Amino acid sequence: MRRKPVLSHSPLLFPTIPAILVSVLVPAYFSQAMAQTQVSGMTAEAQEQNRQDEKSQKEKLQLAKAKQDDKNAPVTIRAESFNGRPERFIKFDRDVEVIKGGTKLNADEATYSNLDDEVDASGNVRMNRYGDCYSGDNMRLQLDSGAGFVSNPIYRLLRNNAQGNAKRIDFQDEERSLITSGTYSTCEGLNPDWYLKSDTLNLDTGLDRGVAGKSVVYFLGMPILATPSLTFPLSGARHSGLLPPIMGASSKGGPELTMPYYFNIAPNRDLTVYPKMIARRGLQLGLEGRYLGETYSGETSVEGLLNDRVTGTNRYAVASVHQQKLLPQLDFSWNINTASDDNYPTDFSRTITKTAQRLLLREANLTYFGSFWSLALRTSNYQVLQDLASPIDRPYDRLPQLQLHAEQHDVAGLDWSMDTIVTRFWHPTLVRGDRTVINPSVSLPMVQAGAFIIPKISFHATNYHLVNPAPGQESDFHRAVPTFSVDSGLVFERKTRMFDTDLTQTLEPRLFYVNTPYRDQSNMPNFDSAVADFNFAQIFSENRFTGQDRIGDSNQITAALISRFIEGNGDESLKLAIGQRFYFNTQKVTLDNTVSPSRSDLLLAAIGKLSSTLSGEMALQLSQTDRQSVRSNYGIRWQPSPKKVLNLAYRYQRNSLEQVDLSAQWPMADRWYMVGRSNYSIMDKRMVDGLLGFEYKADCWSLRFLAQRFATNSVNNTSGFSIQLELNGLARLGFGGNPIDALRKNISGYQPINER
């Protein structure tokens, strides 16, 4: 038996010569299982693909063992009559049946050669070999090796439900076969909607690969693709080869043509090279490589354009992430992103997720773990991609930062922790310096069934040394601030019934008290502090600022009430929450010289399932000063069945944001689906981003049309469209990119129509 390597996924590959386009529908997109993976280990999608590869490999090994055992199986032949010489050959007539292991052959008549272990059959020949079925006029088969041929056959393959017909099929062994003047399709019936017609077609189930000679792909009786050679997988695994060309267009660069080549280096490594010709700008070259090991994982993409015809400059972008366990207790990682200029993402990206990035992080981390402590060394900085219409400030670089964290629970009934952070901050235009922070804390958790109270004492000591203080400013600062807090709560339960469902309702009042004395911090630098976002998580924190440069003075109590409705299986059907913070002092530590009121804004939240198909959520922040909404979010989803979803959301933030977001995937008629999204800014009176399209699902193929428009910055938009024809088991052909990725990112709950 030949060795069968583990292979990965690539629906259609062109290993030699690019395809000749013979129709309006041209190949322009290739989807591979790992193509959109963002590595964090690798994503669940890539890990699932690896599990499928491993499962496929196990199945192959089991089948190989079965075939090996079958070589020693006896040959059983049944027929109405027979004659001949048993030591040489025997001729069988009428209803002949030949069985050896996993191979079963039926025919009107057959001759068995004992010396060669070979059957020569004719008349209504039918063969089932490990689930693959063949029928034809006559057949010759060597039962031990599986070699032979069948003339004028019709065949069906078990692995991917492929079928077709041919002038002749030659079996080289039990895994390899050569189809001459044949067809290939995954559609049912004698007249498939699409099929591949080739002069020669080599199928190798061991390598899970089909290789066609001069071929034409027909769709609905019309030729849409001709090529002198192509390769495709028999079960969706990846293979190295030239991928179909990707054609597209954008408002920034005009028509585009990409000719990617995919290298399936190993089941856990791959590399894609994609040269792209952009009409208005020139030739862009890109590389994307990914890898996944037991102790490491990563992904790196590099793309560049020499002498952009529009700007006259060299332009490039790099993105790389890596994680590695150097030792059992030592981890190392990096995240590196850079671009040649501020406008690179808006000029070359086709998705809103990339154009929205304006802070490109570059950092490296080294972390050592002890039994109850960890030591982390970090260095980081940012590249700021400025938008002249709405410029942003550059964050400080950390060059470097060393942090020691230790904590233990239930030590003589106490929980304690200690953080020590030493950081050197650098900025090209602002004050620079070193900061040392020591922050120990100890708490006494008292937790009982239905109640808890946790008093806690912490101490925040900070030392600054500035290397370029302003004239008249001190270079050294010290600050020491103690904090006392008490977190407490009760949990009540009762049985209830709602919407004909038995539920358990909880009532959870919670009080959180914090007392931090005032320390004058007005002359201290601000390297990384900002006012924390006000939400349910933040109102139960001790400091109203993020970072370490501002410690807010406080004498306050937070009151909240939460009620949950829990189903018998543990699912949370509904959650209601209300919370507010009350101040007993006038807060003096600020970043913008604002005067705080006697109480915070009121927070209201609700999230739950109104039925098995309808769910919603609400978050509301109400000002207690002017009794108006400061921020609000409302959302509702109706998903009555798979591939049928409707989302409606409203987002508001006073003086800065007011948007209505509507998205849907919905059947319009038999096999037709509508997909769309509109994210409309009421304040700006324009569509921030949106798409509209249609999908059609047949038994063995699907078709998608999609038009998309999104904002690239505060004033500009870009738009494009895509067409995709997916031939199940062969390829995705189309124009303008991958609509499935766009639909998944824009429509919450979207499902591709050809997925079960």
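Predicted model: local features only at pLDDT ≥ 70, side-chain atom pairs only at ≥ 80, totals over all residues.
Residues are numbered from 1 along each chain as its sequence is written, and side-chain values use heavy atoms, with hydrogens and water left out.

Let's begin with the whole chain. The protein chain has 4 helices and 50 strands; these are DSSP runs, H or I of at least four residues for helices and E of at least two for strands, numbered from the N terminus. Of its 756 residues, 43% count as buried, where buried means under 20% relative accessible area, exposed over 50%, and partly exposed in between (1.4 Å probe, protein chains only). The chain exposes about 37,400 Å², and carbon and sulfur atoms supply 56% of that; the areas come from the Shrake-Rupley method with a 1.4 Å probe, and for residues only the protein chains shown count as cover.

A salt bridge here is a side-chain nitrogen of Lys or Arg within 4 Å of a carboxyl oxygen of Asp or Glu.

The nonpolar patch covers about 860 Å², and its members include Leu326, Tyr368, Phe372 and Trp373. Strand β28 (373-384) is among the strands that each supply at least two residues, and β28 gives the largest share, with 3 residues. Leu326 sits in β25 and is partly exposed at 42% relative accessible area.

The negative patch is formed by Glu80, Asp95, Asp108 and Glu109. Asp108 belongs to strand β5 (residues 103-113) and is partly exposed, at 35%.

Finally, the arginines. Arg129, in strand β6 (residues 118-129), is buried yet has no salt bridge: the nearest side chain of opposite charge, Glu174, is 5.5 Å away. Setting aside residues up to four places away in sequence, Arg129 touches several others, including Leu141, Phe171 and Glu174; contact means heavy atoms within 4.5 Å.

And is Arg637 buried or partly exposed? Arg637 is partly exposed, with a relative accessible area of 26%. Arg637 lies in strand β43 (residues 629-641), and its C-alpha atom is separated by 9.5 Å from that of Ala664, 27 residues apart along the chain.

How values were computed
Patch = residues over 30% accessible without salt bridge, like charges linked within 9 Å, V, L, I, M, F, W, Y side chains within 5 Å. Lys, Arg positive; Asp, Glu negative; His and termini not counted. Charge placed at Lys NZ, Arg CZ, Asp CG, Glu CD.
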